[in-house]
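Colleague: I am new to reading models like this one. Could you take a close look at the salt bridges for me, and explain them step by step?

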Amino acid sequence: MGKLTDYVQNTQLWKSVFRHGYPDTPRNRTLAVLSNFFLHLHPVKVRRSGIQLSYTWCMGGLTFFLFLIETITGLLLMFYYRPTADLAYQDIMALREHVPIGIMRELHRWSAHMMVITVWLHMYRVFLTGSYKPPREFNWNVGVILLVLTLLLSFTGYLLPWDQLAVWAITVGTNMARATPFLGHEGPGASLISFGGLNFIHAGDDVRFGLLAGRFVGEGALLRFYVLHCVGIPLAAATLMAIHFWRVRKDGGISGPL
Amino acid sequence: MGEQIKHFVDWLTQPTLYFSLSVLAIFAILKFRAIFSKTSVIVAFFAIGTAFFVWAWDDPNFNRIITKPDNVPILILLASVVYFSWLSLHRAYINDERTKKGLPTLEGETGKQKVFTWPDLVYVELICMVLFLALLVVWSIKIGAPIEEPAAQARTPNPSKAPWYFLGLQELLVYFDPWLAGVLLPSFIIVGLCAIPYIDMNPKGNGYYTFEERRFAVSFFWVGFLLFWVSFVILGTFLRGPNWSFFGPFEYWDLHKLPPMVNVDLSTYFWFDLMGNSKAPADPLVRELPGIVLLLGYFAVLPVILQKPLMAKLFDGERRHLVRYHLMMHLLLWFGLIPIKMLLRWTIDLKYIVGIPEWFFNI
Ligand code: HEM
């Protein structure tokens, strides 16, 4: 057995992938992190306090992990789901009945709920350890935007099953936009934006209309939410996560007492 | 006996009591943290909580609301928020005691040691991921994702609830119009969160848990996050039923339970009850003058009056921090408006402090 591993690890194939021996010496442990694309997100050495579960609660890491699960399960769901008012509901039902090992929708939904929870707890922990203080102010702000994006991801996805729960939850949520000051047709100040008695802001052109592509949650809204959910927001979130992780390192690694 | 406990719980969870007791609980826990940060307290909490669940499980109303698939995450939220709040307090208390004795904090002690990312960190991450994935898979096999009737524009379900993470905002709709509850206040939450690092000038408590070095900051976040966000989500999920009326956890969701709507505007109180007029002025600006004066006093005069003492306390009285001070006050005053409005609603049935429906301008 030992001989076999020795042999495998000495082939050109193996060596072309892994450029170091088993990581049990300081040199190889360093190389394990430095020569791996994914691991080199991390520094080679970290403060012991920074990796204790009782310190970070692992919540940032779990949020990222859940984001990855969402990406994979979401991709699989996209194979089966068509975002039109006629087909959406039907496709979701079919998913349950026709797709083998049909827990992708479950995994996707429960992970989404969990991601909202873990991102809240992550923020809570960052606050309670004072980790937003200099030099990490900027990364806290990147985090706040990530928080908003996480909620928006979840919100846009909520509509896609196109059942009563979905449509009415989004109706309740987007009704708020009607009341946006100046820009919603039931918002304070909207009537000021008028010219010669002609109102510029009305139910057919206010922010809510722009959000839903219509006066109510209909087919246009479904397509808009689908595109935002599957492409727009994930791209934005992934980009910001890259910045977020990079910044954690640039700001001196996970916070600890000075 | 069982029925009496159920009635008691239903009574205890009504919004007014629920909210007041939560405020008391938060401040009691922070004040008596020496006791509440003990390990036995959290063990007892979860033991009693579990016992309560087991006991209440058979109640049809309780069971119906608890076992809705989409409500399972809220239970996880509740349990994890309680646990992690306790954990942070536990560590903060230990750290504060150590600091008093001149010892380094827990983080300070282990922070000097550096360890290799491989294997120390990589393994923690791996174990976290595997356990979490296992949990998610089991959960997904056990509980199917819900799907209701196909969408129908004509049939409004009652209650119509926003997704659970926005229920805190939906709860605010009881007290505020949508332009505040749904647009302005959420925007202020985001702006306020972004502003935190630029307002909090306290250099202490960076990188370790503490309470005594950041009394105001930690208490504020507990109140903001635990009370006004998480507890409102829980209230909205489990205790709000048809017509957004309140229902205790053991109460049947009766479609006909309508809240009495007798709320009165401040201007009505002023012109009719105080001035004894039989008619309010026609011009909305004059009619709403009392409320406008009050709000101007609150938002414009109060920060100026408090400027000297608070600036001295928070920013060493240095005038270059004036912008921070006013930003902070503005955000805090908006935040304060929420409990103020809630109290006014509960005590004098106040509808609007300033109510100009003609312009959709109601506060
Ligand atoms: C999609 C959302 C997010 C992901 C994937 C994420 C991920 C991470 C990870 C993996 C870390 C390393 C330390 C840890 O795990 O605690 C971290 C640190 C940090 N995060 Fe996030 N985060 C997210 C959202 C947020 C939010 C909402 C905030 C704050 C409002 C925030 C602020 C920070 C800060 C300031 C640090 C540095 C903390 C320190 O050095 O102790 N992040 N984040």
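Modeller: Let's start with A:Asp91, which is buried, because its relative accessible area of 7% is below the 20% cut-off. This is a predicted model, by the way. The partner of A:Asp91 is A:Arg82, and the closest N and O atoms of this salt bridge are 2.8 Å apart. A:Arg82 is partly exposed, because its relative accessible area is 42%.

Now let's move to chain B. There, B:Glu3 and B:Lys6 form a salt bridge, with 3.9 Å between the closest N and O atoms. Both sit in helix α1 (residues 2-12) of chain B, three residues apart, so about one helical turn separates them. B:Lys6 counts as buried, at 15% relative accessibility.

Next comes the pair B:Arg240 and B:Glu171, whose closest N and O atoms are 2.7 Å apart. B:Arg240 counts as buried at 6% relative accessibility, and B:Glu171 counts as buried at 1%.

Salt bridges can also join up: B:Arg33, B:Glu97, B:Lys100 and B:Glu212 are linked in a network of them. Over all chains, the count comes to 17 salt bridges.

Terms used:
Residues are numbered from 1 along each chain as its sequence is written. Chains are lettered from A and ligands numbered from 1 in the order in which they are written. This is a predicted model: local features need pLDDT of at least 70, side-chain atom pairs count only at pLDDT 80 or more; totals for chains, interfaces and linings use all residues. Side-chain values use heavy atoms; hydrogens and water are left out. A salt bridge is a side-chain nitrogen of Lys or Arg within 4 Å of a carboxyl oxygen of Asp or Glu. Buried means under 20% relative accessible area, exposed over 50%, partly exposed in between (1.4 Å probe, protein chains only). Helices (H or I, at least four residues) and strands (E, at least two) are DSSP runs, numbered from the N terminus.
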